[in-house]
Amino acid sequence: MYDVARIREDFPILGRRLSGDLPLVYLDSANTSQKPRQVIDAIDDHYRQHNANVARAMHQLGAEASAAFELGRDKVAAFIGAPNRDEVVFTKNASEALNLVARVLGETPVGGQARVGAGDEVVITEMEHHSNIVPWQQLTQRTGATLRWFGVTDEGRLDLDDIDTLITERTKIVSVTWVSNMLGTINPLDVIITKAHSVGALVVVDASQAVPQIPVDVAALGADFVAFTGHKLVGPTGIGVLWGRYDLLASLPPFLGGGEMIETVTMERSTYAPPPARFEAGTPPIAESVGIGAAVDYLSSIGMAHIAAHEQAITAYALGALQEIDGLTVVGPKEAVDRGGAVSFTLEGVHPHDVSQLLDSRGVAVRAGHHCAKPAHLRFGVQSTTRASFYLYTTEQEIDALVEALHHTKKYFGA
Amino acid sequence: MNVTPSNMDMLYQEIILDHYKHPHGAGLRDPFEAEVHHVNPTCGDEITLRVHLDGETVTDVSYAAQGCSISQASVSVLNDLVTGKSVTDGMAVLDSFTQLMQGKGQVEPDEDVLEDGIAFAGVAQFPARVKCALLGWMAWKDAVSQALVTTHPPTTGDPA
């Protein structure tokens with residue numbers, strides 16, 4: 001039995017009162033999730049008891065901090081089913097993870113050849129977050145390659161009809177989101193990965209919205225790179241993850257240069273450490289690794305299958321309740337099938353900014369704007385939307401509060 | 001009445017809602033000397049704004065805007081306040097409005113200068129909305145400086 005009330009007790013912030021002594025109704029978890037005390041305490045304990053720099057301090061605290069940092073990597077690797085812990089590269093967020101891949105795939109390793117060059121093609125989709133669009137625009141502009149993309153159907157699904165003309169012998173990389181942060185759509189990665197691999201292309205998956213809410217096994221998935229972030233999965237900000245197949249990572253040149261990413265340095269040249277250190281220049285996010293480790297422990301203790309089922313149920317409930325409101329239009333799949341827990345919508349006659357301001361006045365926190373997915377908004381002819389997003393601690397009562405606040409908003413603006 | 005995040009009537013004054021529902025001078029018109037397009041990158045609000053000058057006088061400010069009530073009402077008030085004024089007087093109103101918006105609620109608005117614009121005093125206490133209120137005004141400032149270059153081309157110093 002999934003006990004949402006019991007889970008909520010782990011999240012101190014969910015007990016907060018807002019202006020007007022209103023209880024917080026936090027429906028912005030796709031933006032960032034709240035943190036359980038288990039994560040807060042682990043970070044607190046690290047700073048209080050074990051803080052030191054890693055891999056270079058030869059004292060006791062240095063050894064403890066190094067072990068704690070690497071333990072975070074072990075935990076993340078196990079959580080996503082990585083065959084090898086050294087396939088987990090820590091970055092500062094998912095954007096940096098995607099930028100890392102896009103950057104190094106365009107560079108020529110010593111004695112090797114760049115993965116992407118003039119005449120090659122990179123394929124993305126119209127429903128990507130800007131962080132899975134801009135780095136590929138930069139890569140193709142830098143290398144003379146061409147950027148192409150899948151369209152989106154009226155229902156908010158990927159339009160796979162032209163998969164055979166989009167993914168061809170010229171395709172070197174296909175980068176696609178697993179779960180859309182705006183539409184909520186869960187994409188059929190198996191079809192795309194199979195097709196991409198059949199033409200020899202590499203597959204990058206933006207799993208920022210997937211890893212927090214569905215069980216993930218990167219080995220079973222079959223992609224070549226998977227990017228996600230700590231703060232959306234009840235972990236801290238400041239740490240992202242790039243998982244990559246070890247042989248691929250080992251064949252790629254470094255990203256940033258600096259401390260810890262080298263093997264040896266002379267004034268003329270350097271040689272580079274093997275993955276993951278090759279891609280982790282400078283002091284890494286140490287306490288954040290402790291935090292993300294505690295976060296995946298926490299999620300595992302509840303069970304990702306249970307969390308996914310809760311997410312599915314609460315999304316179905318929200319889709320039903322929201323669509324009963326006159327003038328409200330859900331942008332994205334309207335049923336909770338192959339769908340994550342983010343629901344974007346428009347409310348006739350009221351701009352999303354004003355919607356979110358009115359909801360905030362009732363203690364209901366949502367996001368309004370383009371959600372870093374301007375092309376996806378353009379596809380649906382809207383400039384912005386209001387997005388409510390749910391997580392393991394979201395209750396039906398909170399959805400009811402959202403619906404009530406939306407009725408109030410309509411009345412306030414005479415819509 | 002205190003301005004708090006739960007007190008919406010201080011933010012959404014009647015005047016603001018009136019301007020939002022019935023914007024003054026909306027639409028793009030000819031003639032014009034400069035047209036600009038401004039966006040608020042955080043939320044995607046957009047405005048295309050044209051300025052028509054007759055010598056030193058702002059004879060028309062026309063616009064097409066997509067955005068929230070605050071940004072829409074603000075450009076409607078702008079149209080009221082600067083049309084018919086000299087560029088210098090219009091810029092003085094702009095300064096006054098900008099000061100009010102950036103004053104974190106500590107600036108007492110001058111009704112003689114800002115007229116309906118004083119209704120935006122509450123917005124200054126909602127940091128996320130200040131940019132909404134300023135979108136049209138920044139576009140106007142940009143358009144006027146461009147129009148001045150067109151209508152008063154800088155002398156090159158080249159002897160004829």
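Helix α3 of chain A, residues 60-79, makes a handy check on the geometry of this predicted model. At 1.5 Å a residue, its 20 residues should span 28 Å, and the end C-alpha atoms do sit 28 Å apart, so expectation and model agree. Just past the helix, Gly81(A) takes up a positive phi of about 70°.

The buried set runs Gly62(A), Ala65(A), Ser66(A), Phe69(A), Gly72(A), Arg73(A), Val76(A), Ala77(A) and Phe79(A). As for the spacing in such a list, an α-helix has 3.6 residues a turn, so residues three or four places apart point the same way. Covering the buried residues of α3(A) are, among others, the helices α2 (37-50), α10 (286-302) and α11 (304-322) of chain A. Strands β4 (88-91), β9 (225-229) and β10 (240-244) of chain A are also included in that cover.

Elsewhere in chain A, Asn187(A) turns up in the loop between β7 (171-177) and α7 (189-198). Despite being a loop residue, Asn187(A) counts as buried because its relative accessible area is 4%, under the 20% cut-off. Leaving aside residues up to four places away in sequence, Asn187(A) touches Thr177(A) along with Met127(A), Leu158(A), Val176(A) and Trp178(A).

Turning to the interface, 24 residues of chain B are in contact with 19 residues of chain A. Together the two chains bury about 1,700 Å², with 50% of that area on carbon and sulfur atoms. On the chain B side, Ser6(B), Met8(B) and Cys43(B) put in 26% of the area buried against chain A, more than any other three residues.

Polar links across the interface come to eleven residue pairs in polar contact, counting pairs with both residues at pLDDT 80 or more. The salt bridge count between the chains is one: Asp354(A) pairs with Arg129(B), and the closest N and O atoms are 2.9 Å apart. Several helices of chain B contribute to the side that touches chain A, with α1 (8-11), α2 (14-21), α3 (69-82) and α6 (127-151) each supplying at least two residues. By residue type, that side of chain B splits into twelve nonpolar, seven polar and five charged residues.

Notes
Residues are numbered from 1 along each chain as its sequence is written. Chains are lettered from A and ligands numbered from 1 in the order in which they are written. This is a predicted model: local features need pLDDT of at least 70, side-chain atom pairs count only at pLDDT 80 or more; totals for chains, interfaces and linings use all residues. Side-chain values use heavy atoms; hydrogens and water are left out. Contact means heavy atoms within 4.5 Å. Buried area is the accessible area (1.4 Å probe) that two parts lose on being put together, summed over both. A salt bridge is a side-chain nitrogen of Lys or Arg within 4 Å of a carboxyl oxygen of Asp or Glu. A polar contact is a pair of N or O atoms within 3.5 Å; within protein, one must be able to donate a hydrogen and the other to accept it, and residues adjacent in sequence count only if both atoms are side-chain atoms. Helices (H or I, at least four residues) and strands (E, at least two) are DSSP runs, numbered from the N terminus. Ala, Val, Leu, Ile, Met, Phe, Trp, Tyr, Cys and Pro count as nonpolar, Asp, Glu, Lys and Arg as charged, and the others, Gly among them, as polar. The expected span of a helix is 1.5 Å times one less than its number of residues. Buried means under 20% relative accessible area, exposed over 50%, partly exposed in between (1.4 Å probe, protein chains only).
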